[in-house]
Amino acid sequence: MKKSILAISAFVVMLFASCNEKKTEELMAEETPVTEEVMVEETPATEIVKLEEVEGAFTTTELKLKPGSYSFEVTNKGIDHEVAFVLAPNKENLQESDFIADAMLTQTIKDGETASSKMPVTLEKGEYVYFCPLNNTPKYKLIVE
């Protein structure tokens, strides 16, 4: 009988140990985060260029930037009609097809409003112009060097 009790006791101890081991493994699996190696392509940070439009003009009359990624944010300061923003390469006989579409604002803006470019644009070395056809502004130089 002692052997039976001893055998049953040993079985219970082994059973308890295996259950406890499974519980420990389950708890560790819950608490241990799964780490995956993901390839991340480094992209340059997008700089925001803030501009203000007043009647017939931008308050910034020339920009000098380094090559890179830019988004343009424009504020209508006191103009009683909607305004916009156009960026294009500086060239003779500029056509609408030359406009950099992603640099255009997401909407025209009323007095006191601000809007940003549709998407960041990558500017390379060269000369560009920015202007507002709705506000009849001059074409201002944007130089990337």
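Student: Is Asp98 buried or exposed?
Tutor: Buried means under 20% relative accessible area, exposed over 50%, and partly exposed in between, with a 1.4 Å probe and protein chains only. Asp98 has a relative accessible area of 16%, so Asp98 is buried. Please keep in mind that this is a predicted model, in which local features need pLDDT of at least 70 and side-chain atom pairs count only at pLDDT 80 or more, while totals for chains, interfaces and linings use all residues. Residues are numbered from 1 along each chain as its sequence is written, and side-chain values use heavy atoms, with hydrogens and water left out.

Student: Which residue does Asp98 form a salt bridge with?
Tutor: A salt bridge is a side-chain nitrogen of Lys or Arg within 4 Å of a carboxyl oxygen of Asp or Glu. Asp98 pairs in this way with Lys91, the closest N and O atoms being 2.9 Å apart, and Lys91 is partly exposed, with a relative accessible area of 44%.

Student: How many salt bridges does the structure hold?
Tutor: The structure holds four. One of them joins Glu73 to Lys50, with 3.9 Å between the closest N and O atoms. Glu73 lies in strand β4 (residues 68-76) and Lys50 in strand β1 (residues 46-54), so this pair ties together parts that are 23 residues apart in sequence. Lys50 is exposed, at a relative accessible area of 59%.

Student: Where do Lys141 and Glu127 lie?
Tutor: Their side chains meet in a salt bridge (3.9 Å, N to O), and the pair links distant parts of the chain, since Lys141 is in strand β9 (residues 140-144) and Glu127 is in strand β8 (residues 126-131), 14 residues apart. Lys141 is partly exposed, with a relative accessible area of 36%, and Glu127 also counts as partly exposed, at 35% relative accessibility.

Student: How many helices and strands are there in the chain?
Tutor: Helices (H or I, at least four residues) and strands (E, at least two) are DSSP runs, numbered from the N terminus. There are one helix and nine strands in this chain, and read along the sequence they follow the pattern α-β-β-β-β-β-β-β-β-β.

Student: What share of the residues of the chain counts as buried?
Tutor: Of the 145 residues, 29% count as buried. As for contacts, meaning heavy atoms within 4.5 Å, residues 24 or more positions apart account for 61% of those in the chain with a separation of 6 or more.
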